[in-house]
Amino acid sequence: MNNIAVIGSGTMGNGIAHVFAQYGYKVSLIDISEDALKKALATIEKNLSRQVEKGAFTAEVKQQALSHINTFTSIKDGISQADLIVEAATENVDLKLRIFKDIDEGAKPSAILASNTSSISITKIASATKRPEKVIGMHFMNPVPVMKLVEVIRGYATSHDTTKAVMELSKKLEKIPVEVNDYPGFIANRILMPMINEAIYSLYEGVAGVYEIDTVMKLGMAHPMGPLQLADFIGLDVCLSILRVLHDGFGNPKYAPCPLLVNMVQAGHKGVKSGSGFYEYKQGSKELVVAERFRY
Ligand code: CAA
């Protein structure tokens with residue numbers, strides 16, 4: 001497998017393209033807008049430079065990686081030569097079903113079709129194609145160049161050969177792949193989201209403040225970020241939609257999203273990407289400041 005196509009150039013898509021290019025793969029990065037692609041290339045350049053500065057690899061490796069990436073605004077053109085296509089578009093079922101129908105029609109018969117979805121059923125996505133045995137989940141974690149895990153999700157019909165190929169490929173990127181079956185939230189979000197939801201409930205019920213909740217989990221459990229900061233980092237809208245998938249998928253009230261989370265998303269306070277969530281984010285500032293309404 002040498003040619004990789006990545007659909008979607010947002011945070012996850014550009015991180016995935018970055019890592020494949022860094023390890024010598026030829027990458028076609030696809031998005032609907034030229035502007036989004038330009039921004040993605042600038043982000044990849046910035047993150048590769050950061051790794052050069054930290055001594056992870058040389059400036060030559062960075063230049064080679066950048067030269068491995070071509071951008072496309074048409075899925076058809078971008079995927080025609082691909083051995084593996086990784087879809088990292090917005091988390092919307094209908095959009096993903098449409099994309100998978102298109103890529104199934106345009107990709108080489110031997111190509112593997114992967115989705116970076118954080119919670120949408122791989123079995124359902126595969127049902128939009130005529131090659132469900134070649135459809136698989138390849139769930140990278142944010143920031144992709146840093147996080148070692150790839151959650152490899154086997155849909156109901158995913159073949160052993162497809163799983164083996166994706167597990168081996170992930171190891172070539174120096175990631176640690178873990179194979180899981182296709183049930184709501186897979187493993188990562190089935191465990192992470194109830195923890196985040198419980199942290200939000202603890203705030204909602206006044207058990208403790210934002211700083212206190214995050215400090216307990218950072219210093220007491222050695223988490224790099226507290227659950228509220230992590231929720232802001234992931235995006236509160238994304239957390240809410242994953243909790244809804246768990247709630248609908250299992251029909252168990254324990255996954256019901258906290259009303260505070262619902263309110264915050266409805267008010268447009270979605271975390272880092274919107275400038276505020278449990279914390280406030282000012283451009284260029286690394287300081288962690290609790291959002292005004294949660295100060296007391
Ligand atoms: N590209 C390249 N390198 C990056 C990077 C990026 N985008 N972001 C950070 N880095 C590097 C930094 O250069 C630094 O390198 P060194 O260790 O060599 O110094 C290192 O990563 C640490 O970064 P910082 O010093 O800037 O900051 P930090 O120590 O606070 O770490 C963090 C930042 C890695 C994000 C850390 O806070 C962390 O691990 N947070 C938790 C992340 C997490 O849980 N991710 C999973 C989210 S869930 C998900 O993605 C899936 C889902 O379905 C919801």
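**Ligand contacts**

I looked up Arg50 and found a polar side-chain atom of this residue 3.3 Å from a nitrogen atom of the ligand. I count a polar contact as a pair of N or O atoms within 3.5 Å; within protein, one must be able to donate a hydrogen and the other to accept it, and residues adjacent in sequence count only if both atoms are side-chain atoms. The model is predicted: local features need pLDDT of at least 70, side-chain atom pairs count only at pLDDT 80 or more, and totals for chains, interfaces and linings use all residues. Residues are numbered from 1 along each chain as its sequence is written, and side-chain values use heavy atoms, with hydrogens and water left out.

I then turned to His139, where a polar side-chain atom lies 2.8 Å from an oxygen atom of the ligand. For Lys286 I noted a side-chain N or O atom 3.4 Å from an oxygen atom of the ligand. I also looked up how far the ligand is covered: the protein buries 68% of the 1,000 Å² that the ligand exposes when taken alone (Shrake-Rupley method, 1.4 Å probe; for residues, only the protein chains shown count as cover).

**The shell around the ligand**

I listed the elements that give two or more residues to this shell: helix 2 (34-53), helix 8 (188-204) and helix 10 (227-234). Helices (H or I, at least four residues) and strands (E, at least two) are DSSP runs, numbered from the N terminus. In total, 18 residues surround the ligand, and the closest are Arg50, Lys54, His139, Asn142 and Asn189; a residue is near a molecule or strand if one of its heavy atoms lies within 4 Å of it.

I sorted the shell by type and got 10 nonpolar, five polar and three charged residues. Here Ala, Val, Leu, Ile, Met, Phe, Trp, Tyr, Cys and Pro count as nonpolar, Asp, Glu, Lys and Arg as charged, and the others, Gly among them, as polar. Where does the ligand lie relative to the domains? It lies between domain 1 (3-181) and domain 2 (188-294), because both give residues to the shell; the bounds come from an automatic or database domain assignment.

**Loops and backbone**

I found Pro143 in the loop between strand 6 (135-140) and strand 7 (149-154). A cis peptide bond joins Pro143 to Asn142, with omega about -5°.

Phe186 sits in the loop between strand 8 (176-181) and helix 8. Its phi is near 50°, a positive value in a residue other than glycine. I noted Phe186 as buried, at 3% relative accessible area (buried is under 20%, exposed over 50%, partly exposed in between; 1.4 Å probe, protein chains only).

Ala222, in the loop between helix 9 (210-221) and helix 10, also has a positive phi, near 60°. Ala222 is exposed, at 65% relative accessibility.

Ser118 I placed in the loop between strand 5 (112-115) and helix 6 (122-126). Ser118 is buried at 10%, and its side chain makes a polar contact of 3.0 Å with the side chain of Glu91.

**Cysteines**

How many disulfides are there? I counted zero, taking a disulfide as a pair of cysteine sulfur atoms within 2.5 Å. The closest cysteine sulfur to that of Cys239 is in Cys258, 12 Å away, so the two are too far apart for a bond. I noted Cys239 as buried at 0% relative accessibility, and Cys258 is buried at 0% too.
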